[in-house]
Amino acid sequence: HHDFINTGGKGFNVIIPLVNVENSPPELFVLDETTDDETLYAIKYNYDTAVATGEVFYHKTSPVDYDIAKGEMRISATIYFGDINED
């Protein structure tokens, strides 16, 4: 999905990983829509590294099967930014 469409580059978000599952598969898939390449790229969340997404940035969460009985889960915070000034 896209978080922002047709903003003229005025909207983006930042995903901040807070809790990761050790040895899990990548948590996020992204597609760069500024090219004709339709490859989905996998991103593995790391502590101390955020992921910024913009307007031409299709992304989706990776399907996972964490073991809740072992306390496995991922938690991230997402902060949305937008320039609301009139231009």
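Q: What makes the contact between glutamate 27 and lysine 44 a salt bridge?
A: In this predicted model, the closest N and O atoms of glutamate 27 and lysine 44 are 2.7 Å apart. A salt bridge is a side-chain nitrogen of Lys or Arg within 4 Å of a carboxyl oxygen of Asp or Glu, so the pair qualifies. Glutamate 27 lies in the loop between β1 and β2 (28-32), and lysine 44 in the loop between β3 (41-43) and β4 (51-53), 17 residues apart. A search of the whole structure finds 1 salt bridge.

Q: Why is the pair of phenylalanine 12 and phenylalanine 81 called stacked?
A: Rings of Phe, Tyr and Trp (its six-membered ring) pair if their centres lie within 6.5 Å; planes under 30 degrees apart count as stacked, over 60 as edge-to-face and the rest as tilted. Here the centres are 5.0 Å apart and the planes stand at 15 degrees, so the pair is stacked. Phenylalanine 12 belongs to strand β1 and phenylalanine 81 to strand β6, 69 residues apart. At 36% relative accessibility, phenylalanine 12 is partly exposed; phenylalanine 81, with a relative accessible area of 36%, is partly exposed.

Q: Which elements give two or more residues to the nonpolar patch?
A: The patch covers about 850 Å² and includes Phe12, Ile16, Tyr47 and Phe81. Patch residues have over 30% relative accessible area and no salt bridge, with nonpolar side chains joined within 5 Å and like charges within 9 Å. The elements are β1 (11-19) and β6 (75-82), and β1 gives the most, with 4 residues.

Q: How do you know that β1 and β4 pair?
A: Two strands pair if DSSP finds at least two bridges between them. β1 and β4 have 3 bridges in the antiparallel sense, so they meet this criterion. Isoleucine 15 stands opposite valine 51 in β4.

Terms used:
Residues numbered from 1 in each chain as written. Predicted model: local features only at pLDDT ≥ 70, side-chain atom pairs only at ≥ 80, totals over all residues. Heavy atoms only, no water. Areas by Shrake-Rupley, 256 points an atom, 1.4 Å probe, with all protein chains shown as cover. Buried < 20%, exposed > 50% of the residue type's maximum accessible area, 1.4 Å probe, protein only.
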